[in-house]
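Here is a short briefing on one structure. Look at the sequence and the model first, then read the points below.

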2 protein chains.
Amino acid sequence: MAGSGEQEALVGNKQVIFKDFVSGFPKESDMFVTTGSVKLKLPEGSRAVLVKNLYLSCDPYMRALMKPQDANYGSVFTSYTPGSPVSGFGVAKVLESGHPDIKEGDLVWGVTTWEEYSVIKAPETLIKIQHTDVPLSYYTGILGMPGMTAYAGFYEVCSPKKGEYVYVSSAAGAVGQLVGQLAKLTGCYVVGSAGSKEKVDLLKNKFGFDEAFNYKEEHDLNAALKRYFPEGIDIYFENVGGKMLDAVLLNMRIHGRIAVCGMISQYNIDKPEGVSNLMNIVYKRVRVEGFVVFDYLQQYSKFLDTLISYIKDGKITYVEDIAEGLESGPAALVGLFSGRNVGKQVVTVSLE
Amino acid sequence: MAGSGEQEALVGNKQVIFKDFVSGFPKESDMFVTTGSVKLKLPEGSRAVLVKNLYLSCDPYMRALMKPQDANYGSVFTSYTPGSPVSGFGVAKVLESGHPDIKEGDLVWGVTTWEEYSVIKAPETLIKIQHTDVPLSYYTGILGMPGMTAYAGFYEVCSPKKGEYVYVSSAAGAVGQLVGQLAKLTGCYVVGSAGSKEKVDLLKNKFGFDEAFNYKEEHDLNAALKRYFPEGIDIYFENVGGKMLDAVLLNMRIHGRIAVCGMISQYNIDKPEGVSNLMNIVYKRVRVEGFVVFDYLQQYSKFLDTLISYIKDGKITYVEDIAEGLESGPAALVGLFSGRNVGKQVVTVSLE
């Protein structure tokens with residue numbers, strides 16, 4: 001252990017800094033990349049963990065953190081601090097640990113900051129990576145927060161039954177692609193929507209959705225859903241909100257379920273769109289249930305065992321869209337909201 | 001039994017006729033009272049039941065039946081037929097029965113038509129009244145469909161726990177007044193809203209709500225709810241929709257529940273208001289669940305035993321607004337939508 005008087009060399013620490021709160025669509029220029037410095041040594045007695053970040057995750061919820069803290073949203077999210085680095089989920093290697101359960105050399109995933117080296121002050125929130133025979137980047141996606149979101153949302157909130165009709169929006173994204181495949185494994189009929197021909201092809205040809213469509217080519221979403229679901233929808237996995245939700249409500253079956261994971265269409269508009277067809281919740285006795293993955297973390301090890309065996313058995317496929325280097329971080333993050341990414345958007349910081 | 005050739009005398013049969021489909025607020029002139037005739041004898045071999053109607057129920061869902069059948073609503077409701085009598089729940093006395101379980105002289109409640117005498121062609125939907133030591137009109141309300149709606153909606157959909165914060169809109173109506181009292185019996189803190197000082201006084205002084213307010217006097221419903229629920233709302237029993245729902249969503253607590261019974265504010269406008277604050281469903285992990293009483297009818301006898309003992313023990317109070325005679329039916333029904341009634345709106349047809 002270094003003595004308290006010992007000087008430690010500072011090293012450069014490239015960072016992605018959040019400039020200021022954003023209204024409308026976020027732009028690359030709402031962030032900037034700079035190089036600060038960091039001492040690669042924890043202070044004496046610290047219980048924090050010093051990590052080298054390897055992969056960072058771009059997730060839609062991060063848009064909410066770019067808005068000022070609103071009392072109504074305060075229960076889940078804490079806004080970014082202007083002038084400080086972006087934070088988010090990531091995979092990292094431990095360089096030094098003040099936490100008894102975490103050791104130097106451990107690989108972990110959890111909330112970190114968008115920079116080369118981070119001091120994580122709440123190391124109890126980190127999860128140690130035990131299975132390293134899959135790509136480590138998977139822990140930002142299918143084996144991390146988005147994967148667990150899909151798993152909990154589908155099995156716990158949707159209460160799926162074999163033969164049911166399942167619709168997934170944003171279906172080529174990190175969460176949607178897994179929800180659709182879990183639904184297929186459950187014996188459901190699954191239709192997904194996405195925003196490009198390439199994504200629609202992925203859904204049908206790689207992820208095994210029964211059908212898929214490009215919502216941008218449908219001027220009447222209600223008609224599109226009636227075409228794909230002539231019998232109606234039992235389960236809607238909601239990632240989009242707004243007009244899509246309004247159209248889905250018109251097509252729900254009796255005792256249908258809507259798991260509300262997010263509403264990405266609403267994140268970049270100052271006043272959310274109104275949803276009008278809510279009386280269908282009564283007529284069709286629909287259950288609409290919001291959820292956040294944090295309420296299901298106790299199921300993580302069961303989830304992980306299940307998913308790893310699905311991946312190894314080739315029952316589940318996973319597509320990532322990898323941006324190289326912190327410099328590409330702002331564009332990668334912003335691209336989520338225009339649908340630029342195909343598959344789970346990851347940013348690599350370092351390969352080791 | 002009369003021979004098939006025997007002539008039976010026709011008697012006058014006063015009826016409330018539905019004129020034509022309605023847009024906007026229904027008016028008395030959307031119905032008219034006329035006197036037809038009826039033969040007080042079932043055809044030979046009929047399995048129908050001939051009844052004399054005693055009490056008729058005015059319920060908000062009847063507004064939906066005044067619109068043309070919409071494919072999206074078809075699952076629960078069948079629209080009225082222009083030129084035919086209004087139908088709805090009622091209490092009736094059986095004059096003749098072709099159904100083996102129903103006998104002449106039985107008192108029943110169920111769906112009947114707004115006229116003096118009705119031939120009920122689906123008598124298996126009628127429920128025999130066994131307890132006649134309470135006012136028979138109660139079977140249009142607290143002991144009938146609205147009461148069962150309150151009971152199932154509160155206990156089955158809201159999953160209430162002692163100490164939770166409960167908000168009931170349209171709280172002085174047939175359903176709301178019972179929901180609030182059941183919530184008090186469960187040990188909840190209960191606030192109701194209604195549209196007049198008289199109703200607010202009823203809620204506080206007769207039904208035992210902890211607080212109540214006149215929503216018409218609140219220009220900012222969000223602020224009003226924050227005043228009455230500084231800790232937020234665990235359970236919202238939704239009878240109103242629109243702006244009220246939007247304000248409630250801003251005030252829900254984590255893992256809150258919204259039982260959607262109806263949305264009376266939306267029934268008389270052609271395009272429903274948009275509800276914008278739905279992302280709170282995610283942030284607060286709210287469950288929003290629509291229900292219709294028909295899914296819970298197997299619990300009716302348990303409900304009835306419970307409610308009758310509550311009524312006899314003075315634990316539950318009930319307020320009716322009784323209109324005398326079929327002639328007063330159109331005004332009574334229309335008055336629901338302007339909130340004219342104080343308590344459950346009933347129309348008497350005959351006292352015996």
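Buried means under 20% relative accessible area, exposed means over 50%, and partly exposed lies in between (1.4 Å probe, protein chains only). This is a predicted model: local features need pLDDT of at least 70, side-chain atom pairs count only at pLDDT 80 or more, and totals for chains, interfaces and linings use all residues. Residues are numbered from 1 along each chain as its sequence is written, chains are lettered from A and ligands numbered from 1 in the order in which they are written, and side-chain values use heavy atoms, leaving out hydrogens and water.

**One residue**
- A:T149 is buried, because its relative accessible area is 5%.
- A:T149 sits in helix α1 (residues 145-157) of chain A. Helices (H or I, at least four residues) and strands (E, at least two) are DSSP runs, numbered from the N terminus.
- Contact means heavy atoms within 4.5 Å. Leaving aside neighbours within four places in sequence, A:T149 has contacts including A:F237 and A:C261.

**The sheet**
- Two strands pair if DSSP finds at least two bridges between them.
- An open sheet holds 12 strands, in the order β10(A)-β9(A)-β8(A)-β11(A)-β12(A)-β13(A)-β13(B)-β12(B)-β11(B)-β8(B)-β9(B)-β10(B). The pairing is mixed.
- β10 (211-214) of chain A and β10 (211-214) of chain B stand at the edges. Each has a single partner strand, so one side of each lacks a neighbour in the sheet.

**One strand pair**
- Strands β11 (residues 233-238) and β12 (residues 252-260) of chain B run parallel, joined by 5 bridges.
- B:E238 stands opposite B:V260 in β12(B).
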